[in-house]
Each structure stands twice: as C-alpha cells, then as structure tokens.
Amino acid sequence: MRIRLDFHWKNFIWFAIIFGLALVMYFTIGFAWWVLPVYGLAYLAIRNTKFELSEKLPWLWTAILFVGGAALNTFSVQYLLLDAELFARTTTLKLILNVLVCLVLYLLMLLFSNRVTLSCITANVFWLIFGFVNYFVYLFRQNEFYFADIRSIGTGLSVAGQYQLRLNDKGCYVILACALYITLVRRMNVEFGKRWQMSIISMLAMVLCCVAVGVETMEVNTETWEQKGTYRNGYFLNFVLSVRDSFVGKPEGYSRESVEALEEEYGSREDASLDEKDTSLNEKDTSPGEKDTSPNEKSPTIIVIMNESFADLSVIGPMETNSPVTPFIDSLSENTVKGYALSSVFGAKTPNSEWEFLSGGTMAFLPGGSVVYQQYISETPTTLVSTLKNEGYTCVAMHPYYDTGWSRNLVYPDIGFDEMYFIEDFDKTQVYREYITDQEMYRKVIDRFENRKRNEKLFIMGITMQNHGGYTTEYDNFPEPIYKIGRSYTDANQYLSLINASDKAVEELIQYFSQVEEPVEIVFFGDHQPSLTTEFYPILNGKGTVNLSEEEMENLYKVPFFIWTNYDSPEEAVEITSLNYLSTMTLERAGIDLPPYNQFLADLREQIPAINARGYYSLNNETYLAVEDASGKEAEWLRRYEILQYNAMFDEKDRSNLFFPYIEE
C-alpha cells in the first residue's frame, strides 16, 4: 500500500460543505468547541490523501474496511444511548457478536453490488439510521425499538408529530465519525478481479458470522426493559434476538381440525349450560322481603391487585423475623381462598405475570425471556377484561407509574380497558422511597368505587409499584421496622419492611369493603419474588440459587395469593396453583358463568394444577417436570392447551370465535 497527498480544488469545496454542516450542528445542537477544528483537520487530511492499494490483497483491505465500519456502527449505537456506566457493562463477547451482526449486512451488500465502496457506505449509513431510530423511539417511550414494533409502526407515525426530535452532542459526534469513515472509504478504491470468487467468499463469511452468532446466543434472551437490551446484549444483537423470538412455531398436532374438535366439545357444554341457566331462572323464587346477597343476584364489583414483588420468602427456607411480616393476610380465612401460585418470572418482567393472569395463557409455550406485551400481544386479545366487558362491566386499569412502562399505553386500549390511570393521576407526595405507596393506590380504588354510576358493574385491575427493587439504598421517608433475626442483609430487611407496609394497606382496603353492602370480590397476588443479593439465599435454603432441584427452583417462583369476598363463599386452602388459573377462579368466585376457554382452564387445572415457564406439577409423579417430559394424559392436556394458546395468539386467520370472541359490539 502506498499513501500520497492528492490536493485538488474539489476537495476544498467538499470540505466547505461538510464543515458547514458541522457548524450548523454546533450552533443548533451544541457540542464541545474543540471538536470542530479536530474534525476539520481530520477531514482535510483524509480528503487530500490517496491510498494506492495492492491489487493482490483485495480481501485484506475489504476486511479492514468492513470490520472497521461494523465496529464503528456497534460503538456508535452503544455510545448514543448509554451513559458511561452502562456502556462499560456490555461484555467484550457481546460487542464482538454485535460487530458480526453488522458485518453480515456489509457482506450482503458486497454480494449484490460487487463494489466495496458502495457496500461500506450503504451498510454504514443503514446501521447509523437504524441506531438513530432506536434512539428516538427510546426518547418517546423509554423502551428500545424491537422487531415486534414494526407491526405498530403506523400507530407510532400517527403520534410522532406530538414529540420533538432532540439530538444531543453524542448524536453529533456519531454523525461526524460516520462522515469521516465514508470519506476514508471513498479514498480507498478496492476492486476484485473475479466476481465469482468474491461471491463465494462473501457467502461463506456471512454463513460463518451467522453460525457464530447463533451458537453463542442459544441461551441468550431478548431484553425488553428500558436500556437492558443495549447494555446487556448490545442493541444490534438484541434486535436480532427479538426477530428470532417473534416467530413461534406451530405446536405438534396443530391444525384447524384440532381446534374444531375442542370447539365441538366445549361448545356443547356451553349450550347445555345456557339451557340449565334458563331452567334455573324460571324456577327461581325469592320470598317477599328476602335479600339475596349472592353474586349471581348482583354481579360483584371485582378488584384485582397485582402487588409488585410481593412474596413470602419462607417458601424458600425457614426465616425468623423480629415481628410478623404479613400478620393481616396470614389471618384471612373467612370467605377466602388462599395459597401459593407459580409465577413464570423471577425478579423482573412484571407484565408476563399480568398477562398470564388476564389471559389464562402461560409462558411455558413462549420463548424464554420474551415479554408478551412488547412482542406478541394482538390487537384483539381475549382476556378477563373482554369477558367482563361482555358481562356489562366497566373495566378500569390503575398503575401508579409511567404509562409507557412495558408499553401499557399501547396494550391496555387493545385489551379493552375503558379507563386508565397512571402516575399523573395519583398523589405524588404519597411515596415510600421513590414509588407511590400501595395505600395511595388503594385510596384511588376506593374513590373510583364510591364514584361509580348507579348499577354500574365495576372491574378494577391495579398494579402496584411500592415494592419495586432495588432495596440497597436507605431513604429518610421509609422506616424499616422489620428485619430478619440473625445473619441478614440490608436489602432483605428493606424488602421485608415494604411487604409489611403492603400488608397494612391491604388491611385498610379489606376493612373498608367489609362494610360495603354491595357484593365485592378482591383478588390479590404477587407478580414475582424480589431479586435480592445472592448471598442472602444460602441463609434460607443452604444452597443459594444454583444447583437446586426442580422443586427447590420452583420455590423461587412461588407467590402468595388470596381471593376474598364480602359475601358468603367457601374457605379454601390451595397448596399450589399458577397465575394462569387465577382469572378463572376469579370468575367462579364471582358467580359468573365460565366462557368456553375458562371452562377448559378449569378442567386443565384438575389435571395440571400448576404450570409456569420452568415446568409443571405432575400429579402422576408428585413432582415438578419440564413440559417436554410430560407423558400420557398429562402430555395430552398440555398439547391441547398449547394448541388453544397458539390459536389465540398467532393464528389470526383461523382464530376460534368460540374460545376467543374478544368484545361483543
């Protein structure tokens, strides 16, 4: 390779144009002043230099330009979105995998264009634009851009005018670096003599890149919370993973005929149930003056509380505290069913628990690490909300945090909620640590109940925030009266004190509704267990969180639940169930006739009492098994379950109107 100066008057015209654009960015956006002269000198140096490359080594120069461009793209998108602390958290291996992802496009462009310069410029600009799309999407909604977002791009564009595109100094630096790279590429003219050799090597290189990425990411999950995708996986790799996880294959034995067979079975049950209901209505005779307070007489107000990180750590192992952590909830028995339910998540990804409860679906049949609200939710999902709306209920969602969290601002309208209340609708002075208290949210629930219209059937779904992790920072606005006796950790003590505060708030909520004459049902459950310091868990189970048996591992996914009514209902203790069954249990306790899908879930629960993303509880074997290890009747029930869930979520063309009718007009 020879390098020589190549001054030409056109170079200075280009310099004036490019430097002028840099000046515009400097005065309109702003960045460090010294960048301008450094950039100007660098541009002039590259522009007036001629690189004469050996024709015998085209692949060497191509590799340098391609890898350099891909590395620049990877660095740029990480730098654009992350602060220095998060930027440093991305591992070297993940960064290399991101470079390989970018490199595939460079090679693909070369395969089709046979021009190194064009391939470099096109691929580099494409990845740069892609990175800026992610940057602006994150500014809008505080979550990154994923493959599943493409389906809602029309919605995004319709509201884009409400937002102001704001480019910061990092964005300017990335654009300037890209301009220098393109200038360098144009001064290095790489050519191949034989196109067929270039095509074969390009294809082989692409295959090697794809294989390397695939092998290294088999156990890597898509991250969909705020900036986790970028700092844990690297943005480009995380987007590719979101493409991989967006395609869920048909379950074995799935067909339109298999769905129709289930429709025939449960459709006939529904017809029989309607006939029985008509007969009972004709025979019903209430004496004059007699008050019937059963839920069938007047559909109860249904209040569901999914409490953030609410758990009973004693399910992991024995634990003694200075004072009872949840004395009120522990004392509940009258008109109450209570016990433990399996969640599919640990420490994070709250919306998956929310989805399992509302839909009756399970994460067992979806890719690990996926988030339904951001990847798989349809525009017409049949859930407890649509079921209750078809029963004449007004459906209300409450979450004292930002509406963009987990894309609830987009998902809730599709689910069918009539009213939505987020952080701006609550008293922001009522906080523990940095989050609005359970008590404040329950006051909002009570206020909405008291302001209901005459004869309004009301369903309220409340998602709390008080107990959100982490638990290591001390706060002046939150006392910590509860602590573990003996060896302990500060984060566990703060967590236990938060759960104690939740218990007191629940007591106030139930005391209020116990005095209400109209029938009310309150469903309460935790979304997942908290993620505490790893050194804490060996204190409970003697092992920690690794090398556990399947049963010991499932203990990390157990959360408490109860269903309480202010009218007579049988007491029941449930040793184990799972979140996907709770909505069916809610309908049963409310005296509402089960739709066909909930009838199926009620039958399924008799055979498979609990299921989550890790596995299921086998009655035949009296232990937990992986879904793929099921056999006999249990395997058949799981197969039918997966068929119906696939039909609901992914087979839009042949979706069963019997099982998944959505909202009746």
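**The largest cavity and its surroundings**

Modeller: Sorted by class, the residues lining the largest cavity are nine nonpolar, seven polar and one charged. Here Ala, Val, Leu, Ile, Met, Phe, Trp, Tyr, Cys and Pro count as nonpolar, Asp, Glu, Lys and Arg as charged, and the others, Gly among them, as polar. Keep in mind that this is a predicted model, where local features need pLDDT of at least 70 and side-chain atom pairs count only at pLDDT 80 or more, while totals for chains, interfaces and linings use all residues. Numbering starts from 1 along each chain as its sequence is written, and side-chain values use heavy atoms, with hydrogens and water left out.

What is a cavity here? On a 1 Å grid over the protein atoms alone, it's a set of points where a 1.4 Å probe fits but cannot get out, and lining residues have an atom within 4 Å of a point. Points are joined across faces, edges and corners, and the volume is the space filled by probe spheres set on them. Searching the whole structure this way turns up three cavities of 30 Å³ or more, and the largest holds about 200 Å³.

Its lining takes in 17 residues, and Trp355, Ser359, Thr382, Ala648 and Met649 sit nearest the centre. Two or more lining residues come from each of α14 (350–359) and α24 (632–650), and α24 gives the most, with three. Those labels count DSSP runs from the N terminus: helices are H or I with at least four residues, strands are E with at least two.

Now the whole chain. There are 24 helices and 14 strands, and 52% of the 665 residues are buried, meaning under 20% relative accessible area by a 1.4 Å probe with protein chains only, against over 50% for exposed and in between for partly exposed. Counting contacts (heavy atoms within 4.5 Å) with a separation of 6 or more, 78% join residues 24 or more positions apart.

Leu167 gives you a local view of that. You'll find Leu167 in the loop between α7 (153–160) and α8 (169–187), partly exposed at 24% relative accessible area. Leu167 touches Ile29, Phe132, Tyr135, Phe136, Cys172 and Ile175, leaving aside residues up to four places away in sequence. Thr28 is 139 residues from Leu167 in sequence, yet their C-alpha atoms are 9.7 Å apart.

Most residues other than glycine have a negative phi, and most peptide bonds are trans. Asn114, in the loop between α5 (92–113) and α6 (116–141), has a positive phi near 60°. Ser407 has a positive phi of about 60° too, in the loop between β5 (393–398) and α17 (408–415). Asn114 is partly exposed at 26%, whereas Ser407 is buried at 6%. As for peptide bonds, the one from Gly469 to Gly470 is cis, with omega near 0°, and Gly470 belongs to the loop between β9 (457–463) and α19 (490–514).

Key:
1 Å grid on protein atoms, 1.4 Å probe; cavity = no way out; pocket = protein on both sides within 12 Å on 5 of 7 lines; lining within 4 Å.
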